[in-house]
Amino acid sequence: MKFIHTADVHLGHPFTGLNNVPNNLMQQVEQATFTSFIQLIDYALAQTVDFIVITGDLFDTQHQSVQVLDFLVVQFKRLATQDIMVYLSFGNHDFNQTIAGFDFGTNVTLFSGDVTIKQQTTQQGETVNIVGFSYQQQHIQTQVIDQFPMKGQVDFQIGMYHGAVDGPYAPFSIAEMRAKHYDYWALGHIHKRQVLAEQPFIIYPGNLQGQNIKEAGVKGFYLVTSQSDTLIPEFIPSTNVTWELVTLEIPMVATQADLLQLLLPKLQAFANRPAALVMTRLELVSEFALPHLLELRLLDGATVTQLNQALRASGVTNLWINDLTLRQPEQNQALAGLDNEAWAAAAKIVFTPENLHVTGLKNVPEAFVTSYFDQPEVQAQLQHRAKLLLELYLNEDFVDED
Amino acid sequence: MKIEAIKIYGFGKWINQEFTLPNAMTVFYGENEAGKSTLMAFINGMLFGFASKKSKFINTYEPKQQAIYGGELILNHHGKKYRLIRRHRTNTELELIDLATNEAYPNPQPILDSILGPITSETFQQIYAISADELAEVRSLTPNELEQRLLKIGAVGATGWLQVADQFEKEAQALFAANSKNGKRPLNGLLAEYRRTADNQMEIQRQLPTYFASLESLQTQHQAIANLKAKLATQQTKLAELNELARLEPLYLQMRKLEQKQAKHEPKINEDTKVRFEQLQFQKTNLIEEITQLEQNLQTNNPGDAQTESLAQHLKEIQPRLGLLFELAANYRAVQQQLAQLKNQYQIIAAQLGPNEPSMQRQRPEDGAATNSSSKWTIGAVAVGIASLLLIPGNIVVKLIGAVVAMVIIWAVGRQMQAPKMTPSQPMPAPTKTQVAQAQLIRVQEQLEVTQKQFADLEQTILAEQRKINALTLSQVEYTSDPAEFSNQLQQINQVINEFTAEQQANALGKADQVYQEQYYKQRQQQLAQIQREMQTVLASINLMDEAEFHLQLVKQNVDTQQNQELMAMQKQFTPQQLERLAGLTTPVAELVTATNMQLTQATVQLEALEQQLQTSQMQHLKVVSNGTINEVEQQMANLQHDVLISLENFMIKQLTAQWINEALKQSSQQRMPQILALATKYFQELTGENFVAIKMESNMIALVTTTEERYTLAELSKGTSEQLYVAFRIAFAQVLADMIEFPIIIDDGFVNFDARRVKRMHRLMLDLSANQQVIYFTSNTVVLTDFTAPQIVAL
């Protein structure tokens with residue numbers, strides 16, 4: 001028996017936090033979730049697996065579209081030509097009542113809200129029970145694991161479970177899963193790939209395609225094969241756009257030109273690896289405090305643009321620096337002019353969510369704006385950059401440079 | 001910190017100039033252009049550094065004469081004296097000497113910084129320097145602005161910070177304006193684009209219900225078409241069936257008619273009866289035939305008796321003479337032949353005598369072989385005569401005559417035949433020949449005459465006999481008077497006699513039968529009667545009168561049977577279902593066919609319409625599906641979101657920085673505001689000559705109260721009073737700070753709106769202040785000369 005376990009495909013979900021990505025790369029990025037899924041289907045056909053289990057969040061209700069549904073129908077039909085079954089359950093992102101009646105194809109079995117057993121006999125005649133359920137709403141507080149039956153009179157029993165150990169997503173424990181005596185637990189929900197247990201295997205395959213820097217690293221799915229009476233998973237990479245965090249240490253530099261000259265060879269070396277496309281966040285670590293202007297240019301994106309231009313010019317096409325962070329010793333310089341207490345007291349009043357709202361956000365009511373600026377680190381960054389600005393003004397660095 | 005002495009090496013108009021400031025109150029008095037402002041700038045430059053830049057807008061105070069740019073200050077800070085030296089405007093040499101030890105500090109800047117504390121050039125200008133320019137500025141402020149300025153006086157460097165804040169705010173507003181509808185500002189533009197894209201995305205997402213509806217509609221349409229096709233197929237089958245029924249209908253009706261007719265004619269004569277009756281008829285016919293035969297037999301036997309008797313009589317007469325008569329006939333033929341021969345012989349000989357001799361000679365060989373010798377011919381003639389006598393029955397006379405005649409003929413013939421035979425072997429001379437022939441001719445002539453006589457006698461005899469025979473008038477015997485036919489007649493008579501004899505014998509047997517035959521005849525008659533009775537019985541049993549009726553009935557029944565067979569043949573053309581269908585029909589098939597045809601046409605039209613609709617729907621569906629922009633739009637959205645955030649962040653940073661400054665100013669101002677307010681009230685009281693007694697702060701609004709408890713807002717104050725209020729606040733703030741930082745207050749006289757009384761009050765206030773803090777006052781007002789003591793005044 002051979003089957004593929006995937007989850008959290010998030011078809012059609014756009015990449016977030018992209019910075020001025022050029023058009024040719026943008027096309028690749030736009031199609032990335034689809035391309036990765038096609039790779040999975042290609043692999044399934046090449047391996048002639050018995051079935052595919054998709055444990056939730058195949059797509060986003062928020063980004064659900066005709067094209068996504070049509071794409072799925074086409075891909076599932078490809079599987080149908082080789083009688084490859086698809087077991088599909090909805091997670092917290094793709095739960096959708098309007099989709100429940102959608103006809104994905106004859107080879108696709110969609111789980112309902114109740115824990116249900118589906119049966120299949122493999123090409124080699126092994127009997128398999130696939131047990132799963134679909135989300136009917138965004139949150140499930142109850143331990144759905146309790147509703148899973150014990151392993152039945154079959155060769156293999158597989159549980160499909162979209163959820164997390166803690167929180168409002170059908171909480172469960174590994175011990176509870178083990179107690180069911182299943183042969184494999186195909187989990188979904190957590191985007192980071194992880195093997196929770198090995199006897200039996202309880203696995204989060206992670207998402208199929210990383211969509212922002214928080215989903216860095218190689219992504220893919222699991223090919224699960226029966227070996228005598230156990231099921232053995234093997235990770236198969238399928239990402240065509242990889243997100244990576246690149247950390248570089250920099251010595252003391254005085255000018256922007258020095259900084260670029262220092263970073264470029266390191267990045268070129270990093271790009272000299274076989275990879276379709278790597279979207280990176282550059283994390284610069286400096287032992288010394290950078291001059292204000294350099295820091296400001298790092299933070300306002302000017303340096304990133306210059307680096308990307310230089311990389312393009314040197315023929316690097318598979319590496320894109322999306323953004324950059326800086327770690328340097330705290331420059332706890334007191335702001336001149338006024339006493340520190342006044343600055344601190346004022347900061348406490350100015351850099352508050354309420355004031356952020358009044359100052360600008362109330363005029364930009366879009367939710368994504370609010371949720372971004374509600375983040376404490378974003379607020380901290382605002383204050384940090386405001387301080388840089390004041391210091392620059394006080395020191396008249398603006399005027400002196402050039 | 002107190003400035004005790006000023007020494008200028010070279011700064012503007014001042015060259016190698018020294019001033020001492022021994023008192024807490026120093027008044028630099030001089031006319032305009034005396035160098036008051038230059039001196040003030042010198043003090044500022046000495047403390048915080050000279051202007052590093054050169055431009056036409058900045059006065060760098062280059063010395064008018066050749067001198068070292070710079071100078072010295074003697075400072076007293078916390079009881080310790082320092083000499084501060086700066087040389088050169090650029091690349092300034094800074095020197096700080098501890099006057100107690102007279103040692104210069106190797107790294108003087110930090111020491112100087114600690115002496116100056118948090119005071120910068122700007123804060124110094126803003127806190128401790130009350131300049132004419134500033135007062136001019138205050139005069140130009142609106143009441144609101146003045147209020148803001150007053151409130152923020154508590155903050156160090158308030159005005160400069162305010163300008164910075166203002167700059168940031170302007171920069172921020174260049175990025176984004178909340179209510180601007182046009183997208184000229186970058187963030188407004190981005191937001192507009194984002195919202196357009198979001199609308200577009202919404203629009204695309206709105207396709208989803210359309211897509212589902214379209215899918216469902218397609219499914220429904222497929223189903224409808226399938227249903228309709230099934231219906232069409234059913235109707236087509238039905239139509240085919242109906243067409244078949246229509247074809248069968250006339251036959252069916254005909255059949256039904258026939259069936260009804262048949263049902264009425266119950267056959268009277270069943271097969272048994274028929275067979276029986278026909279048997280009887282057959283028997284009857286046979287019997288009648290037999291009876292007729294019998295009747296005839298019986299009739300012929302009786303009436304022919306008389307004739308038979310006379311015939312028998314005649315035949316009995318003829319029979320005994322028959323042999324004789326045959327002999328006669330035979331003789332007749334023999335004589336006839338003899339006659340013919342003789343005639344022939346005669347002619348031949350006669351011919352030999354004529355020119356025809358040679359030809360006669362030539363004939364000889366041909367005739368030759370028949371006879372060997374004349375002796376043979378003689379023997380033969382005798383034999384034949386005897387045989388004739390013996391063999392031919394009849395009259396012995398006739399036999400004899402015949403025999404004789406025969407012998408003669410045969411002998412003569414033999415002679416005749418021998419003679420020519422010898423001729424070729426014995427050729428004779430012609431005279432001899434003719435002689436012989438003539439002899440012969442005579443001889444033949446003689447013979448011929450005898451024979452002719454004989455033949456005539458025979459003819460007479462035969463004719464007499466023939467007359468007798470003809471008189472018998474026998475049917476089987478030819479009536480003739482030709483002697484040549486006599487033989488035949490005799491033969492015929494002989495036949496009649498034989499037949500008659502046979503008949504006579506048979507009649508003898510028949511007579512014995514007759515009785516039996518009559519009995520048999522009667523028996524048959526009885527049988528016939530019996531059969532006729534039986535027939536009558538049969539007829540009666542089937543209600544028929546007679547045989548004729550029976551036959552009529554039979555004919556009828558045959559017709560029926562034929563029709564039955566026809567009916568059966570007809571029935572074979574229908575299936576049981578068809579029969580059932582036809583039987584169940586209430587309307588004519590033709591009508592049904594028409595109706596079905598109409599339905600079929602309708603359904604076909606409907607199908608065409610549905611299929612066309614399906615095609616359109618499929619195209620629309622495809623259009624919905626093939627709109628490939630959604631991913632692009634989604635990604636565009638995500639990108640725009642990011643861009644908006646970055647842009648908004650930049651906007652926010654500028655805005656927040658401005659706010660931060662304002663807030664920090666407010667904070668530091670508010671911390672000291674109560675003290676400042678108290679002092680300011682006191683000074684304002686003094687400056688207004690007790691006209692105003694209180695300054696009230698109510699929710700960041702300043703109200704002024706007179707002795708008569710009248711309240712004034714800032715807007716209601718005169719320009720002069722506003723200036724007084726401002727100065728009161730400035731001095732009050734400097735005084736409050738004096739607790740923390742000891743620094744001289746430098747006042748540049750700009751009280752142009754003050755009348756003499758107010759100026760006097762101001763001077764008094766300065767003297768009061770100098771009790772706690774050094775006051776340096778620059779003025780061109782001569783009043784100082786009376787208001788201050790001589791040591792306090794430095795005339796420029």
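Two residues are taken to be in contact if their C-beta atoms, placed from the backbone, lie within 7 Å. The structure is a predicted model, in which local features need pLDDT of at least 70 and side-chain atom pairs count only at pLDDT 80 or more, while totals for chains, interfaces and linings use all residues. Residues are numbered from 1 along each chain as its sequence is written, and chains are lettered from A and ligands numbered from 1 in the order in which they are written.

Chain B has 22 helices and 14 strands, these being DSSP runs numbered from the N terminus (helices: H or I, at least four residues; strands: E, at least two). In chain B, six strands form an open antiparallel sheet in the order β2-β1-β4-β5-β6-β7, where two strands pair if DSSP finds at least two bridges between them. Its edges are β2 (14-20) and β7 (103-104) of chain B, each of which pairs on one side only. Helix α1 (residues 36-48) of chain B packs on this sheet, touching β1, β2, β4 (70-77) and β5 (80-87) of chain B, and its direction makes about 105 degrees with that of β1(B). Helix α2 (residues 108-116) of chain B lies across β4, β5 and β6 (93-98) of chain B and runs at about 70 degrees to β6(B); axes are lines fitted to C-alpha atoms, for helices over the stretch in contact, and angles run from 0 to 180 degrees between N-to-C directions.

Between the chains, 45 residues of chain B are in contact with 45 residues of chain A. The largest share of the side of chain B that touches chain A, 26 residues, comes from α19(B).
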